[in-house]
Amino acid sequence: THLERVDSSTQEFQVATSSCTMDEIDLKEQQEREKKNQKIYADLVQNSIDDQAEYFIKSFFFELGDEWKEVNDLKAAFKKACKESGSQSDLSHIAAAQFLQANGAARTGLERKRELRDIDMNSDGKVSFIEYLMLHYKVMILTSYYKRLKKEPEEDLSKGGVGLTGVGVKLLDELCEIPLNLDPTVVENLEKVKKMKKDRAKKNSEVSEEN
């Protein structure tokens, strides 16, 4: 009947309106999250290489497993590369490409260029240590990202992330996700290691000044 058709149309309109409203809410939440992530990132890249490494280890402690020690090895190598290039805390894309070639999986020159551009989150033409780590551990981070969202990966992760681009936002989102199940003891131990390193650096500095 006419009334039934009107009622059906009204219900369809309400469903469509409700769906549109939910999409708008989801978009707004996503935009707010991305804004928050950019703020965390902007503060993070201003920190020292040591602090960037510590943040990364804390964020992915369980995913890294025993490989967390490799982050410190990469940190030492990155510091050396910065010094050789005349920088204190970051590398140009050219220097970063050389560093990636020496420390990452085999890539073509074009792949290195595109992947470095993908993780240069502020497009300043430089690569900080935290940005390099996002590239180096790309597959691990994306695996964690999709696991948290309970979704199957949209990208092919079978090649170790080589040549994979267009995932910078996802990498940053997972980097900024606070690990909810990080054991307080683990955090405490990391803080102790950090303090020991600072004390050792201070002592070495004092000895150098005396000499």
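Which residue with a positive phi follows α4? That's G86, with phi near 80°.

## Ground rules

This is a predicted model, where local features need pLDDT of at least 70, side-chain atom pairs count only at pLDDT 80 or more, and totals for chains, interfaces and linings use all residues. Numbering runs from 1 along each chain as its sequence is written, and side-chain values use heavy atoms, with hydrogens and water left out.

## Helix α4

Helices here are DSSP runs of H or I, at least four residues, numbered from the N terminus.

Its buried residues (under 20% relative accessible area, 1.4 Å probe, protein chains only) are V71, L74, K75, F78, A81 and C82. They sit on the same side of α4 because they cover an arc of only 130° around the axis, taken from the directions from the axis to the C-beta atoms. The face turned away from that side carries K69, D73, K80, K83 and E84, which are exposed (over 50%).

## A closer look at F78

F78, part of α4, has a relative accessible area of 0%, so it counts as buried. Leaving aside neighbours within four places in sequence, F78 is in contact with I49, S89, D90, L91, F99, V127, S128, F129 and Y132 (heavy atoms within 4.5 Å). L100 is 22 residues from F78 in sequence, and their C-alphas are 10.0 Å apart.

Methods
Helices (H or I, at least four residues) and strands (E, at least two) are DSSP runs, numbered from the N terminus.
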